[in-house]
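Dear colleague,

Please read the notes with the sequence and the structure side by side.

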Amino acid sequence: MALPSLAERRFRPELMDEPGLDLAEHARALGGLRRLNVASATSRQLWSVIAEQTGVRPGGRLRLLDVASGGGDVALGLWRLAARCGVDLQILGLDKSSAACHQASKRCQPAGAAIAFQCTDVTTAALPKGFDVTTSTLFLHHLLWKDAVNVLAKMAAAGQLLVVNDLRRSTAGYAIAHVACRTFTRSKVVRFDGPQSVANAYTVEEARELCRLAGLIGALVRRSWPWRMTIVHNKPESPSLEGRG
């Protein structure tokens, strides 16, 4: 496999973003992404940050907005982790795909999770506000620069704590994505989109500039496993979270 030069972002639309994507292929792709998120311990990484930053204790309550929630696997993972810690976590997931919202609802309902999903294009619509936490996973790299700035600003305004987990662009990450997407799924969509997602991704330095332009003062952007990055922004001027026990 010839590895491309990724010194600059090589943005190209992904198959998952095509409006006419076959529903069966979409379902297989969401299943493949779920397995990749499990292998990457995405929910555990997010919950670790949320628990640390909010200081939530057993008996506490948090309201969380999950932007571009996809098949709902990360939202469900967060809810389960919170439940084990004795935290009442209520989640609203937003995704522009009605098919994704439908599958996410079917996945979460049997678990009895306090999670609802709403079909919303977050790049154009206003986001609901008043949340303790706003999260997003593997979404930032789908956005053009100006849209990424806009979405980050809206997410920060929607809640007290912002936590974004996304890919970071690197040649090593591209190679790992190529192998992982052929190991964990047979979905042709994921096998194309996985490596392309890395080529579409931002570097840590670019993400810091996105945060600056979005007005996220004091945002922390750090590398996280595996070949990802995490953006954390906690509004210092806001009062204590009601979710703390």
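A pocket, on a 1 Å grid over the protein atoms alone, is an open set of points where a 1.4 Å probe fits, with protein on both sides within 12 Å along at least five of seven lines, and its lining residues have an atom within 4 Å of a point. A volume is the space filled by probe spheres set on the points, which are joined across faces, edges and corners.

This is a predicted model, in which local features need pLDDT of at least 70 and side-chain atom pairs pLDDT 80 or more, while totals for chains, interfaces and linings use all residues. Residues are numbered from 1 along each chain as its sequence is written, and side-chain values use heavy atoms, without hydrogens and water.

The second largest pocket has a volume of about 280 Å³, and among its 15 lining residues Val-38, Ser-43, Asp-73, Gly-77 and Arg-80 lie nearest its centre. The largest share of this lining, seven residues, comes from α3.

The structure also holds one aromatic pair (ring centres within 6.5 Å, the six-membered ring being used for Trp). The rings of Trp-145 and Tyr-202 have centres 5.8 Å apart and planes at 70 degrees, so the pair is edge-to-face (over 60 degrees; under 30 is stacked and the rest tilted).

Tyr-202, at 1% relative accessibility, counts as buried (under 20%, with a 1.4 Å probe and protein chains only), whereas Trp-145, at 35%, counts as partly exposed (between that limit and 50%).

With kind regards

Definitions and conventions. Helix = DSSP H or I, 4+ residues; strand = E, 2+ residues; numbered from the N terminus.
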